[in-house]
Amino acid sequence: MADTVKTQYRASLHPWYVTMEEYLNVLHDHTKTRLMNHSPFWNFMKIFYHGGMKKKDCKKVDEDIRRMINAYNVEQKGFMFGERLRIISVDDVSNIFGVPKEGVMLNAAAHITKPEGNFIINTYFKGDKVTKVMIDDALRVAIHDKKQQKPRDVVCLLTMSIFATFFFCGSGSTLSWKLVETCTDDMTLKNYNWAQIILDYLHQGLSKKKEDKDVALSGCLPLMMYWLGDKTYVGGLNSMNQFYTPTFARWSLPEMHKALVELTNDQLEDMIEAREVDRKPNVVELQSLEDAEIHMEELETPSFGEWVIFTGCRFSY
């Protein structure tokens with residue numbers, strides 16, 4: 001594929017960062033508890049909840065995405081940097097985003113008509129489609145009064161927000177009714193194999209790639225960059241986050257770009273091979289790991305208010 005190919009895509013962590021920044025401090029304690037206990041995306045959300053990423057590190061770099069698309073083989077669903085095919089696995093997706101890798105499958109690209117008799121859909125979405133703007137408006141309605149918040153509604157709408165901005169971005173600005181309906185039952189969300197579903201949706205989007213034509217691609221395209229970071233340690237590693245899990249939090253995409261522009265695809269292939277041969281950390285890395293584990297323990301240790309939630313006491317922050 002020519003390097004001049006123009007690619008349009010919407011997936012980015014930046015809008016989700018802004019959403020969490022706006023609503024985090026106004027979430028009711030019971031809403032936070034429901035997120036922690038029921039959401040299969042809590043491992044992903046907690047990075048933002050604990051302030052584990054900076055806004056500047058969430059910005060996408062289109063040039064790097066185009067480079068990965070150029071290396072993608074549609075038929076074999078993998079990347080050719082050298083002579084070997086490199087494939088993103090379900091385990092990779094689970095490690096990168098902290099989502100389940102077992103469970104029920106779902107065709108995220110399936111088209112269905114607007115579901116009837118669904119309380120959340122009937123309450124917040126009156127039209128014949130759901131867009132990111134509509135989800136934002138619904139969140140403002142659901143969250144604005146902290147004392148009157150309905151935790152289930154807020155958790156479902158936050159999940160839709162993640163889907164619409166990052167995991168399941170379509171070529172347009174809408175979220176499919178199939179995914180909207182799935183989000184409305186937060187008690188069953190953990191039953192799905194989200195790692196496989198996210199990966200399948202990405203492959204379906206990449207399959208639309210055409211030679212020397214403008215294309216609008218769907219799917220979580222930044223996943224390719226986080227995967228490349230994990231496989232090569234090419235650059236952009238945040239020293240404070242370098243042992244975080246999920247692993248996407250380790251990487252700054254703008255900083256990764258600075259390293260990538262200096263490397264050929266053959267060099268990337270060599271780096272992948274080197275990582276496969278020797279994955280043992282050196283003494284400095286082991287010390288960093290110890291420091292990181294202490295830091296993460298501090299992040300994940302509940303505050304007094306959170307401890308109150310877990311223990312069931314009726315005190316508040």
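**Ground rules.** I number residues from 1 along each chain as its sequence is written, and side-chain values use heavy atoms, with hydrogens and water left out. As the model is predicted, local features need pLDDT of at least 70 and side-chain atom pairs count only at pLDDT 80 or more, while totals for chains, interfaces and linings use all residues.

I looked up the second largest pocket and found a volume of about 310 Å³. A pocket here is an open set of points on a 1 Å grid over the protein atoms alone, where a 1.4 Å probe fits, with protein on both sides within 12 Å along at least five of seven lines; lining residues have an atom within 4 Å of a point. The volume is the space filled by probe spheres set on the points, which are joined across faces, edges and corners.

Of the 20 lining residues, Ala109, His111, Gly170, Ser176 and Tyr201 are the closest to the centre. Two or more residues each come from β6 (174-175), α9 (177-183) and α10 (194-206); helices (H or I, at least four residues) and strands (E, at least two) are DSSP runs, numbered from the N terminus. The largest share, 3 residues, is from α9.

Next I checked arginine 10, which sits in the loop between β1 (7-8) and α1 (13-23). Its C-alpha atom is 7.0 Å from that of threonine 165, although 155 residues separate the two along the chain. I also saw that the side chain of arginine 10 reaches the backbone oxygen of glycine 170 at 3.3 Å.

Note on methods: Polar contact = N/O pair within 3.5 Å; in protein donor to acceptor, adjacent residues only side chain to side chain.
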